Amino acid sequence: MSPRVTAAVARRVLEQLRRDPRTIALIIAVPCVLEFLLQQLFGRNSPVFQKVGAPLLGLFPFIAMFLVTSITMLRERTTGTLERLMTLPLAKVDLLAGYGIAFALVAVVQATLVSILAFGLLGLNVAGPEWLVVLLAVANAVLGSTLGLFVSAFAQTEFQAVQFMPAVVFPQLLLCGLFVARDEMATWMRVVSAFFPLTYAYDALARTASDDLGARFALDVAVVLGCIVLAVVLGAATLRRRTD
Amino acid sequence: MSAAVRADGLHVVRGGVTVLPGLSCEVATASVTGLLGPSGSGKSTFLRAVVGVQRVAGGTVEVLGAPAGSSTLRRRVGYMTQAPSVYGDLTVEENLRFFARVLALPRDAVARAIADVSLESFTGRVVNTLSGGQRARVSLATALLGSPDLLVLDEPTVGLDPVLRRDLWELFHRIAERGATLLVSSHVMDEADRCDALLLLRDGKLLAQATPAELRGRTGVEQLDEAFLRLVEAAE
């Protein structure tokens, strides 16, 4: 692994994104609009907005980066640039880490701007520190990127890659505890959700919102970080230097 | 002189179909060797095996004294894929800078590669806005970066105008004079005359390994595409 090559990949991914200002605008604007809609729908001081606002802020980067990364990586595979890269002195981890860093930086911008809107203008309150919400959002973005890289190996077309988003993300969103508390779920659903990384990502955000930063919070963060490492390892395994 | 590439009984199966049933051949160091044959004859598959991205069912390929695909070769082998493998949403210069950074090359290497393929007036253009031939040259330029000892070029001149094609073949010979080896595939026989040595491939089998002059002598015909036909008929 080489920091120089990792930085080269990250820089290139950001340069590609810069050529696509509409995507950047969507990455920033969509969560802002959703946060605004949520506030308007339920009201500034409603318990629903106060409960869902922070998790939405923290989970949105996961969804956005999952999509963007899986498509970008699929393009690398289908246009032959990946094959080209595999003949160069570039470790697979350099490629994956480069993507992760690039989209983490995008997530910093995204989460910061949405936070300014939500905390500053829309009246969202969290009992814990607001910067922690932004930090968790960035971690979730990296998790989304690495998972997106991994699943892109199973898509042959961009249509398939897009469908992986609802397939991989929606079940996790439904069972993470946002809609129904996990204690109130049927046992089998609680067991299934224990295997979903988003469950821990949501729990960390919910605990930040209620300033409950104890051992469970630490465990949540550890699981999210562990899943990032696992997704990178699995992603690296799907990158083959030799193919048919 | 030792061979830059030596394949021995190379056996490749792709998608259940045998593409190369057992190819043995050599590419001489510091030469321009043409890999010629019709589309579907296994040229790209052989080149992929040489650069080490092709899964191989049997046999060996030795490149610059090491097994093909060895990590020590990744700085010494330049590879141009058949479809331009560059980033369409980046400019010519951004593409080359990226590959140069991966190879840890100084900045002037980028300008030199761009000049080699005569794209100086397009450095700031986004690759997707270029013509097919220009895009192929960007891809070629990335393969030239770092002056590799072996250049593996998959149909680098396809779709280019005749003047540009001549310029590129002159460039290939200049590179070979500096001591590098070039393995260049083409499906048009009129490019055969521009090569020092030829590997003629058909249905994954080596029809001949010879210089253009030897090929003429062996078949008794002047036109190389006619000579190719004679060899095919003789083999059947």
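## Chain A at a glance

Starting at the N terminus, the elements of chain A read α-α-α-α-α-α-α-α-α-α. That comes to 10 helices and zero strands, where helices (H or I, at least four residues) and strands (E, at least two) are DSSP runs numbered from the N terminus. Chain A has a radius of gyration of 18 Å, close to the 18 Å that the globule rule gives for 244 residues, so it is as compact as a globular protein of that length. That radius is taken over C-alpha atoms, and the rule is 2.2 Å times the number of residues to the power 0.38.

A quick word on what you're looking at: this is a predicted model, in which local features need pLDDT of at least 70 and side-chain atom pairs count only at pLDDT 80 or more, while totals for chains, interfaces and linings use all residues. Residues are numbered from 1 along each chain as its sequence is written, with chains lettered from A and ligands numbered from 1 in the order in which they are written.

Of its 244 residues, 45% are buried. Here a residue is buried if 20 or more other C-beta atoms lie within 10 Å of its own, exposed if 12 or fewer, and partly exposed in between, with C-beta atoms placed from the backbone. As for contacts (C-beta atoms, placed from the backbone, within 7 Å), take the pairs in chain A at least 6 apart in sequence: 78% of them join residues at least 24 apart.

The expected span is 1.5 Å times one less than the number of residues. Along the way, helix 3 of chain A bends by about 30° at Leu57(A), with the proline Pro61(A) following within four residues. A bend at a residue is the angle between axes fitted to the seven residues ending there and the seven starting there. After helix 3 of chain A comes Gly80(A), with a positive phi near 90°.

Helix 7 of chain A (residues 158-175) has 18 residues and reaches 27 Å between its first and last C-alpha, close to the expected 26 Å. This helix has a kink of about 30° at Val169(A), shortly before Pro171(A). Val169(A) is also one of the buried residues of helix 7, along with Ala161(A), Phe164(A), Gln172(A) and Leu175(A). What do they pack against? The buried residues of helix 7 of chain A sit against helix 3 (47-79), helix 6 (130-152), helix 8 (187-193) and helix 9 (197-209) of chain A. Gly177(A) follows helix 7 of chain A, and its phi is positive, near 110°.

## Where A meets B

The contact between the chains involves 22 residues of chain A and 26 residues of chain B. On the chain A side, helix 1 (3-18) and helix 4 (81-86) each supply at least two residues, and helix 1 gives the most, with six. By type, the chain A side divides into six nonpolar, six polar and 10 charged residues. In this scheme Ala, Val, Leu, Ile, Met, Phe, Trp, Tyr, Cys and Pro count as nonpolar, Asp, Glu, Lys and Arg as charged, and the others, Gly among them, as polar.

Chain B has seven helices and 10 strands. For 236 residues, a compact globule would have a radius of gyration near 18 Å, and chain B agrees at 18 Å. Buried residues account for 48% of chain B.

Chain B splits into domain 1 (3-76 + 148-235) and domain 2 (84-146), with bounds from an automatic or database domain assignment. Their centres, taken over C-alpha atoms, are 24 Å apart. Nine residues from domain 1 and nine residues from domain 2 make the contact. On the domain 1 side, strand 7 and helix 5 of chain B are the elements giving two or more residues.

Ala104(B) isn't a glycine, yet its phi is positive at about 60°. You'll find Ala104(B) in the loop between helix 2 (92-102) and helix 3 (108-116) of chain B. Ala104(B) counts as partly exposed because it has 14 C-beta neighbours inside 10 Å.

Glu155(B), also a residue other than glycine, has a positive phi near 50°. Its loop lies between strand 7 (150-154) and helix 5 (162-177) of chain B. Is Glu155(B) buried or exposed? Glu155(B) is buried, since 22 other C-beta atoms lie within 10 Å.

Terms used: Contact = placed C-beta atoms within 7 Å.
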